[in-house]
Amino acid sequence: MQCPMSGHAAAADNSNERWHDAQMDFSSSMSYGDYLGLDQILSAQHPLSPDHNEMLFIVQHQTSELWMKLMLHELHAAREQVKLDQLAPAFKMLARVSRIMEQLVQAWNVLSTMTPPEYTAMRPYLGMSSGFQSFQYREIEFILGNKNAAMLQPHAHRPEYLAQVTAALEAPSLYDEAIRLMARRGLAIDPACLQRDWTKPAGHNASVEAAWLQVYRQPDLHWELYQLGEKFVDLEDAFRQWRFRHVTTVERVIGFKRGTGGTDGVSYLRKMLDVVLFPELWHLRTEL
């Protein structure tokens, strides 16, 4: 009579055979953890408070910064492709940025599990540190065209970060490069849009909207620019959702208290919801 456990034992043996050829000794070769630098990443969480929930707060913000690093990698590359009139690679990069923003939106759902008493227990240990001071977030805003020289000040104490954000402030934004591309492709663009003070936000321009209207009314003649316009709308749509989820999470956790960095907290974040990155692309929808 067969032992009742023999079938399970055979299944376990077969399972082990599946890993027979897998490398198990990494004493002289690179492992998964080595490649990813997991020693450095997983040892970078240093809660300052005795509260259990601070680990969530730290990991949430560290992972967001990693996603923002990838976002900047893609945005810089997309801007360069637009400068080179190579839009096909830029489309993939911009689509990826929109998906990254979806990840960042979902991350707020995890942080929203932190209740007001839990945040209050750890808040004194944060000092004046705040997401408002994220140099990567500021660089993202600058490369997307929301320029503000005053936002350099929080980074003055770190010359390497200041240089990075200053370079983003002084360079044409991704949208600026798209407008210059439209001019190169024969669309009538106000010359003032092509050479200006890049440290200032562009604002709405009638000639730019007229050019985009021409593209949207004749997409077959301007297919690449039409796709580019829609990639920008996708991008700003995702960015708005990211900002909105930030506002609602902050209000849920701290209400209308001032932010740790001295901002007005929710009131400040709500004002940011009114910022429009690509105004002509949104306004033309009324005109079509």
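Student: Is helix α7 (residues 135-143) enclosed or open, and how many of its residues are buried?

Tutor: Buried means under 20% relative accessible area, exposed means over 50%, and partly exposed is in between, using a 1.4 Å probe and protein chains only. Helices are DSSP runs of H or I with at least four residues, numbered from the N terminus. Here nine of the nine residues of α7 are buried, so this helix is largely enclosed by the rest of the structure. Keep in mind that this is a predicted model, where local features need pLDDT of at least 70, side-chain atom pairs count only at pLDDT 80 or more, and totals for chains, interfaces and linings use all residues. Residues are numbered from 1 along each chain as its sequence is written, and side-chain values use heavy atoms, leaving out hydrogens and water.

Student: What covers the buried residues of α7?

Tutor: The cover includes α4, α8 (159-170), α9, α11 (223-254) and α12 (266-272). Just after α7, G145 takes a positive phi of about 105 degrees.

Student: How do I read the way α4 and α9 pack?

Tutor: Two packed helices are described by the angle between their axes and the distance between the axes. Axes are lines fitted to C-alpha atoms, for helices over the stretch in contact, with angles from 0 to 180 degrees between N-to-C directions. The axes of α4 (residues 54-83) and α9 (residues 174-184) come within 9 Å and cross at roughly 15 degrees. That makes α4 roughly parallel to α9, since angles under 35 degrees count as roughly parallel, over 145 as roughly antiparallel, 65 to 115 as roughly perpendicular and the rest as oblique.

Student: Which residues make the contact?

Tutor: Contact means heavy atoms within 4.5 Å. On α4 you'll find L75, A78, R79, V82 and K83, and on α9 there are L174, E177, A178, L181 and R184.

Student: What about phi at D85?

Tutor: Most residues other than glycine have a negative phi, and most peptide bonds are trans. D85 isn't a glycine, yet has a positive phi of about 60 degrees. Look for D85 in the loop between α4 and α5 (87-111), where D85 is partly exposed at 29% relative accessible area.

Terms used:
Helices (H or I, at least four residues) and strands (E, at least two) are DSSP runs, numbered from the N terminus.
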